[in-house]
Amino acid sequence: MKLSNRVLSAFLLISFIFIAATIEMGLADKICKTRSDRFSGVCFSSNNCAIICQLFEQFEGGQCEFDGAFRRCLCTKAY
């Protein structure tokens with residue numbers, strides 16, 4: 001009896017983790033990334049990038065990512 005409860009508990013836990021990961025991946029597909037018009041130069045700080053995107057370009061956030069050979073500021077917005 002104890003073994004079957006453990007197996008059932010383990011199965012439920014793995015199922016919840018799988019469902020949560022699937023839902024999170026679905027949300028990640030709905031984020032728009034656009035190269036910042038205001039941020040110039042190579043992007044080293046995602047915090048600075050996010051501030052520029054939020055204050056001057058009306059995006060929800062921003063992060064430094066490789067865009068070609070250089071790290072650029074990409075503004076992000078969920079849609």
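Thr 76 touches Ile 31, Cys 32, Lys 33, Phe 59, Glu 60, Gly 61 and Gly 62, leaving out residues up to four places away in sequence; contact means heavy atoms within 4.5 Å. Thr 76 is found in strand 3 (residues 70-78). Helices (H or I, at least four residues) and strands (E, at least two) are DSSP runs, numbered from the N terminus. At 15% relative accessibility, Thr 76 counts as buried; buried means under 20% relative accessible area, exposed over 50%, and partly exposed in between, with a 1.4 Å probe and protein chains only.

This is a predicted model, in which local features need pLDDT of at least 70, side-chain atom pairs count only at pLDDT 80 or more, and totals for chains, interfaces and linings use all residues. Residues are numbered from 1 along each chain as its sequence is written, and side-chain values use heavy atoms, with hydrogens and water left out.

**Confidence**

- The mean pLDDT of the protein is 85, and 85% of its residues reach 70 or more; pLDDT is the predictor's confidence in each residue, from 0 to 100.
- Among the elements of the protein, helix 2 has the highest mean pLDDT (95), while helix 1 (residues 2-28) has the lowest (73).
- Where pLDDT is low, the predicted coordinates should not be read in detail.

**Nonpolar core**

- The largest nonpolar core has 7 residues: Cys 43, Cys 49, Cys 53, Phe 59, Cys 64, Cys 73 and Cys 75.
- A nonpolar core is a set of buried Ala, Val, Leu, Ile, Met, Phe, Trp, Tyr and Cys residues joined through side-chain atoms within 4.5 Å.
- Two or more residues of the largest nonpolar core come from each of helix 2 (46-57) and strand 3.
- Cys 43 is in contact with Cys 49, Cys 64, Arg 71, Arg 72 and Cys 73, leaving aside its neighbours within four places in sequence.

**Salt bridges**

- The count comes to 2 salt bridges, each defined as a side-chain nitrogen of Lys or Arg within 4 Å of a carboxyl oxygen of Asp or Glu.
- Lys 33 in strand 1 (residues 31-35) and Glu 65 in strand 2 (residues 61-67) are 32 residues apart, so the pair links distant parts of the chain.
- Lys 33 is partly exposed at 44% relative accessible area, and Glu 65 is partly exposed at 21%.
- Asp 67 forms a salt bridge with Arg 35, the closest N and O atoms being 3.8 Å apart.
- Because Asp 67 lies in strand 2 and Arg 35 in strand 1, this pair ties together parts that are 32 residues apart in sequence.
- Asp 67 is partly exposed at 35% relative accessibility, as is Arg 35 at 44%.

**Rings and charges**

- Arg 71 lies over the face of Phe 66, at 5.7 Å from the ring centre.
- The charged end of Lys 77 sits over the ring of Phe 59, 4.9 Å from its centre.
- A charge sits over a ring if NZ of Lys or CZ of Arg is within 6 Å of the ring centre and within 35 degrees of the ring normal.

- Gln 58 is in the loop between helix 2 and strand 2 and is exposed at 56% relative accessibility.
- Phi of Gln 58 is near 55 degrees, a positive value in a residue other than glycine.
- Tyr 79 lies in the segment after strand 3 and is exposed, with a relative accessible area of 68%.
- The C-alpha atoms of Tyr 79 and Ile 31 are separated by 6.2 Å, although these residues are 48 apart along the chain.
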